[in-house]
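Colleague: I am new to this one. Please walk me through the terms as we go.

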2 protein chains.
Amino acid sequence: MNFSNSTTFLTDMYELTMVDAALKAGTAHRKTVFELFGRRLPTTRRFGVVAGTGRFLEALQRFQFTEEQLRWLNDKQIVSSEAIKYLENFKFKGDISGYAEGECYFSGSPILTVKADFAEAVLIETLALSILNHDCAVASAASRMTIAAHGRPCLDMGARRTHERAAVSAARSAVIGGFVGTSDLEAGIRYNIPTIGTSAHAFTLLHDSEEDAFRVQIDSLGTSTTLLVDTYDIAQGVERAVKIAREAGGELGAVRLDSGDLVAQAFKVRGQLDALGAHGTKITVTSDLDEYAIAALGAAPVDSYGVGTRLVTGSGVPTAALVYKMVEREDSAGNWIDVAKKSASKSTVGGEKYAGRVLSESGYAAEELLVVNCSAERAAEVLAEHNARPLQVPLVTQGVIDDSRLGARAVEVARDHHVQSRNELPYQAWRLSEGEAAVPTRYLDLSA
Amino acid sequence: MNFSNSTTFLTDMYELTMVDAALKAGTAHRKTVFELFGRRLPTTRRFGVVAGTGRFLEALQRFQFTEEQLRWLNDKQIVSSEAIKYLENFKFKGDISGYAEGECYFSGSPILTVKADFAEAVLIETLALSILNHDCAVASAASRMTIAAHGRPCLDMGARRTHERAAVSAARSAVIGGFVGTSDLEAGIRYNIPTIGTSAHAFTLLHDSEEDAFRVQIDSLGTSTTLLVDTYDIAQGVERAVKIAREAGGELGAVRLDSGDLVAQAFKVRGQLDALGAHGTKITVTSDLDEYAIAALGAAPVDSYGVGTRLVTGSGVPTAALVYKMVEREDSAGNWIDVAKKSASKSTVGGEKYAGRVLSESGYAAEELLVVNCSAERAAEVLAEHNARPLQVPLVTQGVIDDSRLGARAVEVARDHHVQSRNELPYQAWRLSEGEAAVPTRYLDLSA
């Protein structure tokens, strides 16, 4: 295994020292159940969007310690030689189930449920949280933007506004939230996402005149390209762009506006294009957009939205605040017991949850039902009785990862699943304002 | 070159299509000067901190297209075969200078200056922006936190709150901003940053009692470890922790508080520890800290701060809003001309800038002086006349990267340099409130 490909060190150190201590105490192999969930949605989110599951499973495939890592752990005396022996042969052999990628989630929704030895479950904790916290945050923001765009295409152009590797994952998450393309080439090659692009102001400035720049771009990319018309004077830029495309024998594909008051400019530019007879030339806008700016442009004659900063930084919510908590474990006699932290403001409901989305008679989601303290079979019956769509699917079975959740194909599946899941939500889900979750969560404790 | 190691695809597609068009037009090899800078600081930043330079240079070492990438570009018809031939042999051969890593920066400061062919300069644009936008945002937040901590150690525990690879870079940036350790193992092994950790609530919950959990941890990690005392009842937890450490023959290293009202709890727990005679046992706090919460804890008996979410998400400013703009280029006759975008709200000052920090008689920074439209030699004289410390250093010379800016050692150097640079700033720099930059920027145009 290549050093840079191993994912085991993408972790907090304490996961390893806890395993070390538990190995010595003989508690490391107690069976446990951990759940990954959000205690509550951010106030600007009526629903969350599950994203990152496929990436997490891909990372789990590469979750093996390298010799270099083990040597370093030993040299730094981070864990004992007994622990190093354990890590040397480590491969996750537990079970993981969870919400399908693209599914909407709410407060308490068990997005992942990990059933494994304590040691196995904690070693993957940080990695699971990092991936899901980032990807769910971006997908949730993306979904709000595509709601606001109301069918007009949204394009990810945020690569330069976030960490270079996070950008790739952000593009993937954006697609799950309904975006149709990305400027990021790595996302294109890795996940087969359509890549898009226009040109930069520097390209215009490189040439001796705006005419030259437009002509060079059209020569290279054809008249269907998008010309950036706001380097100098926008009205002149639009006139030149249309003229040069016609000289090249075609109608210009689109113009891009990247500065100023986009609403006012869109109307002005559309009027100018129409007056020039360029009815087929589209307008794409790209300056500081978020879901609110997109909504404000709803009545403006705009054809597509290029979104950067606010997409890749989660539109004010850069991390999804998901946590990973032990909810059940075996005791020393091998009996399963619920466990939960009791302290102020961060309490957790103990016991494994079985999740279903209760549908009302009108077919819309009415409740996130979390059944607790019963068998899986009993939970399935209870969910059916409540007309609840079961939400958890198997992802990893005794260490074997479900292949269908991996790779580029999984992104398409997740995107389609999100459309279905979002369409099922009640009207409140489509509101951009702050407020309550679109669907309330109810715990149904069958032990009571 | 390994597919995953190549950094060329961490880019917006348009960088490549612009190169393609310019190659066809014969303009791709025009000499250009690009600057990477922020138009203005975010309102909550009195200064920015340069970070990521070393990572960018490391990424530049691996900036070569792989066969697989070239095949994909060809298959997707993203660029022409002429462009693919150019990319096949691509290696950056230009010059890059910039602010030393760790330096403070202000509005307009040319953090990087790239002198190269247009094609070379634009191919590295997105990568440079991604890395610097992320790393500067985190380092700038970190520096505010270490100011607020006033000498008490700050520790990065944010891995789980950001993208798994961004976490590694965030730890590196945090150290440049004055943090003294990280929980992230990859940051530890890659940059030789001290790694730290305690234990999680799950560790306590795994065991049959809090006593058991504490005993197991102390058996494994010694009495100098940090025990998490808020899983059940804090006062009981503290009493147990001290007692069990003493039974093991030592004094407990520290207790960690991770929930509730930290100020009130810190006083209560300190009082309890002192009453128990555990005067040497320290208190570390870790719940939702940022620079404001740290400042609020300034008078509380706390010994160190573990910072997560708000550090790795830039404490409200997740991206540094840096841009990369062409400021000068050769024309078709080989003469250098200033260039600048003129449109509303995003205008750029043309011409290469020579930057110096003007020091007042008291020795504090009074002005960021950017000299423009003159030779490097003349600029050096002018900066000296103004008692300005020159800020730019060579990073890449004709494609050869300055080794001293790479690797773990560069992080230490940057951290030390930041201390010096920050100490030079006037009092305003230490204010946490919103407001003006601590040092104003002045452009001195010598052509006028």
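**Terms and what backs them**

Modeller: Over residues 10–133 of chain A, the chain is 44% helix and 19% strand, and the end C-alpha atoms are 14 Å apart. Helices (H or I, at least four residues) and strands (E, at least two) are DSSP runs, numbered from the N terminus. The model is predicted: local features need pLDDT of at least 70, side-chain atom pairs pLDDT 80 or more, while totals for chains, interfaces and linings use all residues. Residues are numbered from 1 along each chain, and chains are lettered from A.

Colleague: What makes S15 and S19 of chain B a pair?

Modeller: Two strands pair if DSSP finds at least two bridges between them. S15 (residues 365–372) and S19 of chain B share 5 bridges, in the parallel sense, so by that rule they pair. In S19(B), B:Thr441 is the bridge partner of B:Glu368.

Colleague: Which order do the strands of that open sheet have?

Modeller: The order is S16-S14-S15-S19 in chain B, 4 strands with mixed pairing.

Colleague: Why are S16 and S19 of chain B said to stand at the edges?

Modeller: Strand S16 (388–390) and strand S19 (441–445) of chain B each have a single partner strand, so one side of each lacks a neighbour in the sheet.

Colleague: What makes A:Phe118 a contact of B:Phe203?

Modeller: Contact means heavy atoms within 4.5 Å. Leaving aside neighbours within four places in sequence, A:Phe118 is in contact with residues including A:Met18, A:Phe34, B:Ala202, B:Phe203 and B:Leu206. B:Phe203 is on that list, so the pair has heavy atoms within 4.5 Å.

Terms used: Heavy atoms only, no water.
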